[in-house]
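Student: Could you walk me through this structure, one topic at a time? I am new to it.
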Amino acid sequence: MTSCSVMQKDNKLSLWYRAPADASVVENVHYYNGWNEDKEWLKALPVGNGSLGASVYGDVHKELVQLDEKTMWSGSPQDSDNPLAANYLEQIRALLFEGKYKEASELTDKTQICKGAGSGDVAGSGYSCPFGCYQMLGNLWVDFENKKPYTDYYRELDLSDAVAKVSYRQDGVSYTREVFVSAPDQVMVVKLSASKKKQLSFTCKLNRPERFSTHAENGQLIMTGALSEGKGGDGLRYLARLKAVTANGEVVYSDSSVTVKGADEAVLLLTASTDYKLQYPTYKGRDFSALTEMWLERTACKSYKQLLEAHIKDYSSYFNRVSFNLNDSLRTVPTDSMVINASRGNVNPHLYELMFQYGRYLLISSSRPGSMPANLQGIWANELCTPWNGDYHTDVNVEMNYWPAEVTNLSEMHLPLFDLISSLVQPGTKTASIQYHKKGWVVHPITNVWGYTSPGQSASWGMHTAAAAWICQHIGEHYRFTGDKEFLKRMYPVLKGAVEFYLDWLTVNPKNGMLVSGPAVSPENTFIAPDGSHCQISMGPTHDQQTINQLFADFLMASEALQIDDSFSKRVAEAKSKLAGTKIGHDGRIMEWPEEFKEVEPGHRHISHLFAVYPGSQINLIQTPELAEAANKSIDFRIKNGGGFNGWSSAWLISQYARLHRAEDAKESLDKLIEKRINPNLFTECPPFQIDANFGTTAGIAEMLLQSQVYEDGANIIELLPALPKSWTDGEISGLKARGGFEIDIKWKNGHIVKARVKSLLGNNYKILYNNVYLPIKKLRKGEAWEWSNDNKI
């Protein structure tokens with residue numbers, strides 16, 4: 001490794017530091033409270049390959065590499081559908097239509113809930129019940145024999161190659177460490193080296209807070225165990241294998257450790273897996289022992305150079321698709337110092353570049369084809385009781401995780417989400433039938449790896465019946481960006497099943513004859529009913545109406561693309577035309593509920609009634625200017641009353657503002673997030689840590705620079721620099737994707753585009769909009785590009 005001063009010249013896309021994270025505090029961490037704020041873990045550097053993750057502390061005397069495996073879940077499938085719920089559905093609807101919100105809410109909370117414990121009594125308590133909890137795999141400790149003082153410390157996470165590195169000098173010897181997790185070889189690799197021979201002596205241990213044992217076998221240190229299934233017995237089984245390969249020196253395995261003495265160089269190889277399989281109804285069956293053995297044996301035969309080259313080739317094939325550069329950014333300040341300065345209101349422009357690319361890095365590292373999707377933690381957890389169980393929240397969070405996937409040219413990373421959605425159809429069909437006596441399939445605001453699709457244990461948040469509609473929007477989005485008809489054909493039955501549920505679920509509002517959804521919540525928000533009671537349940541909350549409208553539109557788009565014109569499609573089109581739409585209140589705001597109720601919390605974190613602004617597009621400046629203005633007023637009201645205060649809410653606002661062409665407000669929301677909601681390792685927090693805002697930030701920056709829509713008339717509108725802040729005077733971005741199948745490059749100076757390039761990937765028609773002017777273009781065949789130099793400074 002090069003010296004510290006040399007490395008700093010080449011750290012444009014690196015998180016870098018002059019001090020380690022303190023691994024010693026981890027031994028005193030309370031792993032069971034669900035809200036553990038381990039500040040040192042938030043300094044550790046995350047690496048991963050979609051299935052296996054690690055957080056590298058970089059401690060000199062005793063290194064800690066904290067380990068994660070994406071399917072490491074306690075719990076098990078549970079019978080949580082409530083067969084009595086349907087008996088009260090029509091009674092609740094009648095009460096709501098009569099304006100008896102208090103009575104309806106009370107009856108809903110008694111009857112329209114799951115059977116059993118649901119996700120646990122409080123947030124993050126699924127650990128001890130069948131719902132389960134995502135949790136850490138364990139710890140790899142590397143305890144070095146040399147405890148002498150050190151100098152010239154430097155550590156970094158290089159986003160260009162996904163390798164975490166540590167270097168320091170100790171007693172006249174230069175030491176280096178390199179850590180990465182390879183997707184091609186399904187192994188974590190730790191290389192330890194020194195500038196002089198025979199300087200590496202250390203002992204490795206594997207452990208976790210509970211439910212594990214270790215033993216040595218065939219030149220490997222093995223950690224294995226079983227997690228609780230939430231019903232008094234053992235559930236998911238797991239296994240991790242560690243092997244040390246050295247240049248010279250001695251390697252000794254015991255049942256609790258592997259010790260290396262006097263080596264010139266050492267490479268640690270670690271594989272891990274569980275017996276989990278995303279297959280209803282058992283979710284078991286993976287031959288985890290044989291797989292981990294195969295991966296380890298295969299990689300042990302390769303050189304470090306071969307492993308590193310394969311890793312970089314694979315990773316860079318995704319990451320290098322997009323570049324982003326702001327010319328005035330300063331890159332010579334350590335990352336943790338930039339974070340501290342930002343918290344004092346001094347945001348280094350380089351943080352915009354880093355946060356944008358870091359979100360892409362995290363998505364590549366936590367969501368690969370064949371793996372589970374990124375959860376609330378992505379893949380990185382340091383607890384047994386992760387906040388909110390580290391699950392999949394479908395009322396914004398898991399969707400936000402994938403907002404950057406298509407636009408930042410990472411469509412392949414989107415695929416695990418579709419596997420999860422497909423897996424929900426069978427249990428969701430059972431829930432729709434038992435819970436509501438309805439056709440199709442449904443899911444509510446939370447799900448897990450065990451196919452949980454029932455409402456929550458409290459209706460005030462758990463009756464988010466629009467979740468299936470929202471999450472299915474990603475199916476339409478993937479097709480709009482890629483034009484992949486084989487994918488659409490595969491997912492069409494999934495879309496159709498969700499549509500079937502809502503066709504059966506929707507009911508006629510007797511006051512106006514329109515179709516409405518309900519009883520339902522507007523996610524996690526509360527209104528004041530006419531009698532002064534605080535209620536959450538209504539008929540036809542705006543969020544439900546917008547997401548169901550989107551689902552129906554996407555289904556009709558898919559039917560047309562697949563040349564399916566049947567009676568069912570006609571029925572969907574008719575139902576769509578009768579859906580109650582978005583309404584504007586007397587104060588000029590978008591109404592969140594069917595009546596103009598006051599909010600209990602005017603600055604509420606959720607802005608679900610603006611789904612149609614972003615991530616939807618039913619409300620836009622071109623087609624619906626009046627609704628767009630009402631959306632502006634809704635956002636202003638929220639912010640005036642303290643909204644946008646947590647991580648993911650601030651991130652969502654970036655894209656909302658960008659869609660409404662409010663560039664300075666988008667940047668202000670971005671700055672607020674950077675100032676208040678990022679940690680030394682750039683993980684975002686709600687608080688506590690949640691990864692959704694990392695992804696939402698990346699998507700928001702992309703939305704500021706490029707927007708695209710496929711309107712119902714079939715036109716692909718590509719808008720360049722729609723929300724460019726004044727302070728971003730010079731810059732360039734390349735490789736972004738636009739709906740309709742286009743790849744976009746933009747370069748600007750003094751706030752004006754100087755060059756733009758649009759490459760057609762599918763040969764679709766398109767229009768280019770810049771500064772409210774449609775540019776002259778040429779028709780493009782597949783593979784052709786249009787280039788433009790802005791000589792007239794439009």
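This is a predicted model: local features need pLDDT of at least 70, side-chain atom pairs count only at pLDDT 80 or more; totals for chains, interfaces and linings use all residues.

Student: How many bridges join strand 11 to strand 12?
Tutor: Four bridges join them, and the two strands run antiparallel, with strand 12 covering residues 221-228. As one example, Thr 214 has Met 223 in strand 12 as its bridge partner.

Student: Now the sheet with strand 32. What is the strand order in that one?
Tutor: It is an open sheet of five strands, ordered 17-27-28-29-32, with antiparallel pairing. Strand 17 (323-326) and strand 32 (785-789) stand at the edges with a single partner strand each, so one side of each has no neighbour in the sheet. The twist in this sheet averages 15 degrees from one strand to the next.

Student: How many bridges are there between strand 29 and strand 32?
Tutor: Strand 29, residues 752-760, pairs with strand 32 over five bridges in the antiparallel sense. Within that pairing, Lys 759 has Ala 785 of strand 32 as its bridge partner.

Student: Changing topic: how many residues does the largest nonpolar core have?
Tutor: It has 234 residues. Those with the most contacts inside it are Met 188, Phe 202, Tyr 361, Phe 552, Ile 718, Leu 720 and Trp 728. Helix 14, residues 485-505, contributes the largest share of this core, with twelve residues.

Student: Take Leu 720. What does it touch?
Tutor: Leaving out residues up to four places away in sequence, Leu 720 touches Leu 705, Leu 706, Ile 744, Ile 746, Ile 753, Ala 756, Ile 768, Leu 769 and Tyr 770. There is also a second, separate core of ten residues, which includes Phe 180, Val 187, Val 267 and Leu 307.

Student: And the cysteines: how many disulfides does a search of the whole structure find?
Tutor: The search finds zero disulfides. In general, a disulfide is a covalent bond between the sulfur atoms of two cysteines.

Student: Is Cys 301 buried or exposed? And Cys 472, buried or exposed?
Tutor: Cys 301 is exposed, since its relative accessible area is 69%. Cys 472, with a relative accessible area of 1%, is buried.

Student: Next, helix 17. How many residues has it, and what is its reach?
Tutor: Helix 17 spans residues 625-640, which is 16 residues. From its first C-alpha to its last it reaches 22 Å, close to the 22 Å expected at 1.5 Å a residue.

Student: Which of its residues are buried, and what covers them?
Tutor: The buried residues of helix 17 are Leu 627, Ala 628, Ala 630, Ala 631, Asn 632, Ser 634, Ile 635 and Arg 638. Their cover includes strand 24 (598-599) and helix 18 (647-659). After helix 17 comes Gly 642, which has a positive phi near 95 degrees.

Methods. Residues are numbered from 1 along each chain as its sequence is written. Side-chain values use heavy atoms; hydrogens and water are left out. Two strands pair if DSSP finds at least two bridges between them. Axes are lines fitted to C-alpha atoms, for helices over the stretch in contact, and angles run from 0 to 180 degrees between N-to-C directions. A nonpolar core is a set of buried Ala, Val, Leu, Ile, Met, Phe, Trp, Tyr and Cys residues joined through side-chain atoms within 4.5 Å. Buried means under 20% relative accessible area, exposed over 50%, partly exposed in between (1.4 Å probe, protein chains only). Contact means heavy atoms within 4.5 Å. A disulfide is a pair of cysteine sulfur atoms within 2.5 Å. The expected span of a helix is 1.5 Å times one less than its number of residues.
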